[in-house]
Amino acid sequence: MPRRDAASVVPSAANAARVEAFERSLALAPAATRRAYVRDVGQLASLAAERDIAGLSRPELARHLATLHGRGLSGRSLARMLSAWRAFYRFLLDADPTRRGDPCLGLKAPKSARRLPTALSPDEAVRLVGIGGDDVLAVRDRALLELAYSSGLRLSELSGADVGRLDLVTGEIRVMGKGAKERIVPVGAPACAALRAWLAARSGVAAPQEPALFVTRAGTRLGPRAIERRLAAWARRQGLDRHVHPHMLRHSFASHVLQSSGDLRAVQEMLGHASIASTQVYTHLDFQHLAKVYDAAHPRARRKG
């Protein structure tokens, strides 16, 4: 008899009721998380069919994960699914401590191939930050993008930057990174010039006592989502034919500094990476750049057809 696809099996009324109760327990979770968890736990209910969902064994779950992976589901998606399953079995145990333990115990999602971050070329980066105009928002955005590219700041660090932590004399800014770790990052000359122009304009729009370096037209701190929208809009206006996000500027900063200096440890410190392993991904970007140069310039690089 051919094996049935779990997704095509209708769960029993009892198992469906347990999934509904689990969904109610997630009332305070974000809507997207709630939907994803319920969808992923629905896989368990379908897999169990008429059996008690709590009776599924670890080998059964492992086989189901392998099947889904074989159909092309990524390691990241399977890891999220496992998180939902674990949350569901914790929910069952809390509701009835006499139930058997978590069949997900010891299960691990297969690792996905690590995707290299996308970076702009130096010419694209220069074109992006070369915003013209003297409108207050154009002046602000030019300073914002220059700082992002000059210093490799995270989106949260750009939004959280304060005027009092910027020193244009020394060309430095103090930012609060992940894990509430403060670091000092250098700011390049073009970014300092753009920031001086913005600080002069900022005084006319910032609300009294507002510490934020970048503010809205209403005078309050510019939030992360607004920064994302402004960057994407400027990328289109500056003629870049792809979606550009703040992390792409951070990637561009790191890869361009590494291409010029080869100093991986310095790039690690400027990015605020706790481990150099996180920074080493940029050595792959650097190699890709070198490979392209080699292919274009070396007389023996081109393969004969």
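A residue counts as buried when its relative accessible area is under 20%. The model discussed here is predicted.

Start with the whole protein chain. It has 305 residues, and buried residues make up 42% of them. The chain carries 13 helices and three strands. Its accessible surface comes to about 17100 Å². Carbon and sulfur atoms hold 54% of that surface. Now take the contacts in the chain with a separation of 6 or more. Residues 24 or more positions apart account for 61% of these.

Next, look at helix 2. This helix covers residues 31-48, which is 18 residues. From the first C-alpha to the last, helix 2 reaches 26 Å. That is close to the 26 Å expected at 1.5 Å a residue. Buried in helix 2 are Ala36, Tyr37, Val38, Asp40, Val41, Gln43, Leu44, Ala45, Ser46 and Ala48. The list includes Asp40 and Gln43 as well as Val38 and Leu44.

What do the buried residues of helix 2 pack against? Their partners are helix 1 (13-25), helix 3 (58-70) and helix 4 (75-95).

Finally, turn to the cysteines. The structure holds zero disulfides. Cys104 has a relative accessible area of 0%, so it is buried. Cys192 sits at 5% relative accessibility and therefore also counts as buried, because the cut-off is under 20%.

Methods:
Residues numbered from 1 in each chain as written. Predicted model: local features only at pLDDT ≥ 70, side-chain atom pairs only at ≥ 80, totals over all residues. Heavy atoms only, no water. Helix = DSSP H or I, 4+ residues; strand = E, 2+ residues; numbered from the N terminus. Buried < 20%, exposed > 50% of the residue type's maximum accessible area, 1.4 Å probe, protein only. Contact = heavy atoms within 4.5 Å. Areas by Shrake-Rupley, 256 points an atom, 1.4 Å probe, with all protein chains shown as cover. Disulfide = S-S within 2.5 Å. Expected span 1.5 Å × (residues − 1).
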